Amino acid sequence: MSADIPKIGFMATLRLRWLLLLRAILHWWVKAKSLPSPFEDLDIDLQKPICYVIDSYSLSSLLILDKSCEELKLPRPLWPMPDLEGAEARAYLALRRKKGLIVRRTTPRSHSETLKGMVEMICGGEVPDIQLVPVTVLIGRAPDKETGLAKIFFTESWEIGGRIRRFISSLINGRSTIVQYSPPISLRKLADEDLGAARSLRKVSRILRVHFRRVRSAAIGPDLSHRRTFIDQMLRSPSVRKAIAEQARKNKISEHKAWKQARKDAYEIAADYSYAFVRAAYFALTWFWNRIYDGVELQHFRAFQKLAPDYEVIYVPCHRSHIDYLLVSYFIYHNGLVPPHVAAGLNMNLPVLGRYIRKGGAFYLRRSFHSQKLYSAVFHEYLSRIFANGTSIEYFIEGTRSRTGRLLRPKGGMLSMTVRGYLKSSSRPVMFQPIYVGYERLVEGNSYTAELSGQKKKSESLSDLFKIFGVVKERYGKVHVSFAKPIFLDDMLDKHAPGWRDNPLESDQKPSWLNPMVQQLGDQIMTAMNEAAHVNAINLLAVILLTMKKQAIAREELLDQLDLYLSLLEHCRYSDRITYTGRSAGEIISYGIEMGVIEARQHPLGDIIALSPEHAVLLTYFRNNISHLVAVPSLVASCFLNERKIDRTKLHRVTQAIYPFLKSELFLPWGEDGLVETVDNHIKWLKDQGLLLEHEESGILERAEGSSQEAQRLRIMGHGQIQTFERYYITIAVLAKNGSGTLTRSELERLCLLTAQRISQLSEFAAPEFYDRNLFRQFIALLRENGTLTTNPEGKLEFSDEITQMSEDAKIILSKEIRYGIMRVAPQVLHEPDPESDQ
């Protein structure tokens, strides 16, 4: 737009020049960031008149907006709107204004007079259209690297500050300012609804008020009442009062004593969110990330940012480290949204530290409170109220940090309470936002290695805080935070409970559809996390080297195999949100050596690349991060480990037989039809790589000769999931050896676990998940679910002929040596009690 002064009256020109002088002075120290980026997403029509709408009038905000519009080459708010005769000599309006010389108060009004005039012009046909562009100016909301108490306390809040506070805020935080533009509102479309000028004015005023509140809430958080007032309101709710009365009657105590217990529980649970603490924590974490990481990359955030203001957001990250919730909250704040309230286990409520974690938005919950009716009522009420208040929430549905690098089975507790809380007091629709967090090195690496090697987990304590001095001395590579495709609760409810909007849920009601829906919701969230994974250099090195007997390989072979996996990621897309390292194969090896993960051993016949012995166990963690991405190609390749030729139809049958177990364990996305297409795509890719040859007439697929380079590359890929298949075969072998109707479920679990432990001690290396009781339990549950195993009246497991077929299929994938070894070690029933049995 032209910077020339428009032709307006003398006094208007004088006022405009004064404002431009003030703007020039202001921008000596003010630097604003305009959002969204890219700006073209707003779809503003520059051929139509534009009027900018701000929530509350502030001269500094207006001048910052004018400068932003000039930089974006947009019509200027200080200029008059073109083609509007009789209009005011400006292109902005404010919904609220303050009046008063010394004590300034907001003047109550239902609408802006300027807005009223525009609506009347549109409804009267005087003007074709006017676009209203809502703009929010947040001074001190765009975080920067500078620190200081003044910066922390003179940033945006829900208070509408006076001139002095606004001036100080601009002076101190001017270089940390956001100008947030929103999609335009067409007054012509509103007029076409034929509501009349008065009703149209009320409607557009209401739309703008709601919009500004949502944008501000998304940027700086909901307008929180005092914690004590909030808790007192909770305790007066009908559901909590009913629980208090039941507690008093059950325990034969006074209601006042039961009320005091409910109050104690509420204070144990509730967050004590502090804007000032969050700002201070931001600066501290900025220093911390820069100290220990080489960078943090954020993926797919813009798509989420567009949706966030219209939804109650439930952030559901994978749980790999204590760093997870710090990273997620930090980058949500860094990109202009309010950090969520985070559900934390009561074990994190440490002396002194727990108080400050609360101020960052943590609320605490006990591991289990199914039988604690009073506590349960208080917690449900708390969750419902923060929902109704528009507060975003973050929790980890895995329940605990994964020590193996795989996603854990989701726990339904928080999901169920979220659904019930939403049905009880919904204000806006709920959106679950799965988040994948990937590391190249773990801060808790040493403790994980100890736990994976058999040591007991140590409880969190205040002394752990002092470990930070050791952490900041180390280098932990890069971190990738990736936002997955969101899941909308309304869509799930429409599918599982049609008509739910007309049938509100009572506080103690638990409908039959709830548990199946929560289970499916949990699986969808975990699947979405996997679909947003990032593959880093350490993941790829682990996937390859852990398939080798001594975790060592010739450099040239490793280069070939890395190129193969990079090609796989490029040509067989798991999902459109998968990202992977931009390093070449040679750069990956150099980076692995630099990070201390691998070492190069010189040899006259060529360098050998090997895992550092102390890293072998922990590297299984990084391999498991991407097991889901290589599961299908590894399954296809494994079918050629013991057979050189196989019919495509037979290969489909084998993959379809094994896939349901891999799908459940690794949260794979394909159904039965999708699997066939995916397998065929991988076969085509393997053929393109020269690793398979297909005889078109017979449909026979053939691998290269065993001693060739192509056969070796296929063999390494085929061994990617071999220990998983061995674990499945252990269950089959134990059943076959003991016979149908001999073992109970708990006996089968124990014998499988003992077999796996013994094999792992006899072999050179076995990953810790190889003898994971939960994975055996899950496999057995699936066998029961599909009818392969049934339970007779005596509680013994009986199996069908499918066990025999599964044993035959195992001959294709597992070598005779492996199968005979498992059959030899597999024991018959042991009658001594199992201390870990849940029966």
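In which helix do Tyr375 and Phe379 lie, and how many residues apart are they? Both are in helix 15 (residues 373-388), four residues apart, about one turn of the helix. Helices here are DSSP runs of H or I with at least four residues, numbered from the N terminus.

Before going on, the sources. This is a predicted model, where local features need pLDDT of at least 70, side-chain atom pairs count only at pLDDT 80 or more, and totals for chains, interfaces and linings use all residues. Residues are numbered from 1 along each chain as its sequence is written, and side-chain values use heavy atoms, with hydrogens and water left out.

Rings of Phe, Tyr and Trp (its six-membered ring) pair if their centres lie within 6.5 Å; planes under 30 degrees apart count as stacked, over 60 as edge-to-face and the rest as tilted. That rule gives 26 aromatic pairs. Tyr375 and Phe379 make a stacked one, with 6.4 Å between centres and 15° between planes.

Now the helix pair. Helix 8 (residues 227-235) and helix 10 (residues 255-269) have axes, lines fitted to C-alpha atoms over the stretch in contact, that come within 10 Å and cross at roughly 135°. Contact means heavy atoms within 4.5 Å. Arg227, Arg228, Ile231, Met234 and Leu235 in helix 8 meet Trp259, Ala262, Arg263, Ala266 and Tyr267 in helix 10.

Note on methods:
Axes fitted to C-alpha atoms, helices over the stretch in contact; angles between N-to-C directions. Helix = DSSP H or I, 4+ residues; strand = E, 2+ residues; numbered from the N terminus.
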